[in-house]
Amino acid sequence: MATPVAGYLALVSGARRIPRYDRHLAFLLILVAGMLNSAGFVAVALYTSHMTGLTATMADHLVDRDVELLSISAVGLGAFVLGGIWCALLFNWGRRRGLGGRFANVLAFEGLLILGFSLSAETFRDDHRDLVSVGVLCFTMGLQNALITKVGDFPVRTTHVTGMITDIAIELGKMAYPNRTPGPDPVRGDPEKLRVLATLVGLFFLGGVAGTLGYLAVGFAFLVPIAVLLLVLAFRPVARDVARRRGARVFL
């Protein structure tokens, strides 16, 4: 018998989407993105969600002929792209087969990746740790960003705070517009959209605070609970698909 919590988690990560659960999934992923981004900066002095900055950094290091830093930036950019590609492959593999866990499959993969990385990060040699850290964190960012585009028409990217702050400014500008001139299309802001965007930016910030504190306290091991949460979130839809494939009765 499924508990209310298990039912809620299955809806958040399941294939049947409604705006409420789209938002809840986005809230979780942007919180995780903030944690990974800040922990990555403390660890390797690089914001692993910021592809604009990474591209500019590559240009700078190319001119400076700093091969080591150029390589790290290139690895980060390439890993981000690969994360998006892998999300598209994994998601569409599930969609084409009508799997209820097509979102959950991506979340499960992310959880396993973060879990493996968090438990092994300190075992890498110093000269390899930065490359591995940047590669894994940027891959995860690309994976998350691509996944949230599959959730209905939700107008966010979990790492693109610049775009969300721009949208916040636009909504505030609409609300401030006086509408003194008569016309068929008065300017109206969208308070609900503004609330959601402000929540997303706030969660990215809180994730950043938690990521910095967590990394300074125990290193990348602080990500273990996050990985477990993602795996728990993904469990029920994935388990249902496995049970159906085996022809077993589904009790989940």
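**Close-up views of a predicted model**

Lys174 has a relative accessible area of 33% and is therefore partly exposed. The views below come from a predicted model.

**View 1. Salt bridges of Glu171 with Lys174 and Lys193.** Between Glu171 and Lys174, the closest N and O atoms are 3.7 Å apart. Both residues belong to helix 7, with a spacing of three residues, about one turn of the helix. Glu171 is buried, because its relative accessibility is 3%. A salt bridge also joins the side chains of Glu171 and Lys193, at 3.9 Å from N to O. This pair links distant parts of the chain, 22 residues apart: Glu171 lies in helix 7 and Lys193 in helix 8 (residues 191-218). Lys193 is partly exposed, with a relative accessible area of 31%.

**View 2. The salt bridge between Arg195 and Glu192.** Here the closest N and O atoms are 2.8 Å apart. Arg195 and Glu192 are three residues apart in helix 8, about one turn of the helix. Arg195 is partly exposed at 44% relative accessibility, and Glu192 is partly exposed with a relative accessible area of 33%. Arg23, Glu192 and Arg195 are linked in a network of salt bridges. The model has a count of four salt bridges.

View 3. Val161 counts as buried because its relative accessibility is 16%. Leaving aside neighbours within four places in sequence, Val161 is in contact with Val201 and Phe204. The C-alpha atoms of Val161 and His61 are separated by 25 Å, the two residues being 100 residues apart along the chain.

**View 4. A positive surface patch.** Arg95, Arg96, Arg97, Lys150 and Arg245 form the patch. Arg97 sits in the loop between helix 4 (67-96) and helix 5 (102-120).

Key. Residues are numbered from 1 along each chain as its sequence is written. This is a predicted model: local features need pLDDT of at least 70, side-chain atom pairs count only at pLDDT 80 or more; totals for chains, interfaces and linings use all residues. Side-chain values use heavy atoms; hydrogens and water are left out. Patches are made of residues with over 30% relative accessible area and no salt bridge: like charges are joined within 9 Å, nonpolar side chains (Val, Leu, Ile, Met, Phe, Trp, Tyr) within 5 Å. Accessible areas come from the Shrake-Rupley method with a 1.4 Å probe; for residues, only the protein chains shown count as cover. Lys and Arg count as positive and Asp and Glu as negative; His and the chain ends are not counted. The place of a charge is taken as NZ of Lys, CZ of Arg, CG of Asp or CD of Glu. Helices (H or I, at least four residues) and strands (E, at least two) are DSSP runs, numbered from the N terminus. Buried means under 20% relative accessible area, exposed over 50%, partly exposed in between (1.4 Å probe, protein chains only). Contact means heavy atoms within 4.5 Å.
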